[in-house]
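Hello,

Here is the structure I promised to pass on to you. My notes on what turned up follow below it.

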Amino acid sequence: MGAEQVRDGFVALYGTEPEGVWSAPGRVNLIGEHTDYNDGFVMPFALPHTAVAAVSRRDDGVLRLHSADIEDGVAELRLDDLVPETDRGWTAYPAGVVWALREAGHAVTGADIHLTSTVPSGAGLSSSAALEVVVALALNDLYELGLQRWQLARLCQRAENVYVGAPTGIMDQTASACCEEGHALFLDTRDLSQKQIPFDLASEGMRLLVVDTQVKHSHSEGEYGKRRAGCERGAALLGVDALRDIAYGDLDAALARLGDDEEAVRLVRHVVTEDERVEKAVALLESGDTRAIGPVLVAGHASLRDDFRISCPELDLVVDTAMSAGALGSRMTGGGFGGSAIVLADVADVDSITKAVEEAFAAAGFTAPRVFEAVPAPGARRLV
Ligand code: ADP
Ligand code: MG
């Protein structure tokens, strides 16, 4: 939806013009899965799908929230009443951002917000981060808080971890806040240092497809927490702060130390090899050998399926079918247990791969997947 429509929606709801309109994208992660809470590497890029919010300040301690996509009226909250983990609805995301800003000492005194989003919800494409980041950027601009993008990402993560109560890493919010058009974002999640990596598939005759399996990952929170705790246990057993600190060259020795602790072996092996895969993909992209990232994606999928054990039949079917139909690479992306997979392919093969995946889903009796092409889009920005 365009900025004009969102502004009109604001006027219809609140009876005044908004002070501005902002957008923030969803993302897909090219490679680097479940590394962000291990202080490791990730490489997401922004989707053209965005959350768009029209926002005005208020000075009376009231926060009014409305989503065009949810059949609810306007939610009216008092800033002084915002308490973590008390709201199970969508308003927890924007309210959490306001809470996190105020808790960090920023003088936000209220807001009227009307938003809408084209980021599919619960598809592993980070509709939640888009919602958080668009609100954070708007308030940063309007209240002249002077926060940098990475600082907004940290506050949004805090909103999601503490206020919403979802234990997610820092990748999603940083991607939405910091990605640039035509680039993938190589992010070190330990210190948030970043490098924009040119990622222009079209000029090389390739495409990247996103296949949303339509399997909602909402039941996955418990499993996510278990993996996260398992990684922390592995790091403790190995005497490091985070699994990021195990160098790829030291992996065999580390696994030997874990002995017959089968779960720790699997989790540690995934995280350490996944960090290596991100670095490899970055090197390949920087050297202009984009096609060669295909096998890196496939190896990443195998590691998530066999070692981290967070795939599902639908995601595996996308990857297996796409590869059999001539894709260059494919893997699940996002938290797992549903959501989306990505497929890297030559332009000439896109239609036949799409058809093959759709037919395989029909034959397996799965809900039809949603397939779309992803082009690296801009990060969060002010539209009006
Ligand atoms: P993901 O980030 O992978 O899409 P999450 O479970 O983290 O999945 O976030 C999805 C939640 O974000 C939804 O349940 C809803 O509360 C909120 N959300 C996403 N899009 C919208 C929207 N357009 N309007 C209101 N809330 C939304
Ligand atoms: Mg999310």
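**Around the ligand**

The side chain of Ser67 has an N or O atom 2.7 Å from a nitrogen atom of ligand 1, where a polar contact is a pair of N or O atoms within 3.5 Å. The protein covers 80% of the 570 Å² of accessible area that ligand 1 has on its own (Shrake-Rupley method, 1.4 Å probe). Please keep in mind that this is a predicted model: local features need pLDDT of at least 70 and side-chain atom pairs pLDDT 80 or more, while totals for chains, interfaces and linings use all residues. Residues are numbered from 1 along each chain as its sequence is written, chains are lettered from A and ligands numbered from 1 in the order written, and side-chain values use heavy atoms, leaving out hydrogens and water.

Backbone atoms take part too: a polar one of Gly122 is 2.8 Å from an oxygen atom of ligand 1, and a polar one of Gly124 is 3.4 Å from an oxygen atom of the ligand.

In total, 18 residues surround ligand 1, and the closest are Ser67, Asp69, Gly122, Ser127 and His217 (a residue counts if one of its heavy atoms lies within 4 Å). Helix α3, residues 127-142, gives the most to this shell, with 3 residues (helices are DSSP runs, H or I, of at least four residues; strands are E runs of at least two).

As for the whole chain, there are 11 helices and 13 strands. Its C-alpha trace spans about 60 × 50 × 40 Å along the principal axes.

Enjoy looking around!

Conventions:
Polar contact = N/O pair within 3.5 Å; in protein donor to acceptor, adjacent residues only side chain to side chain.
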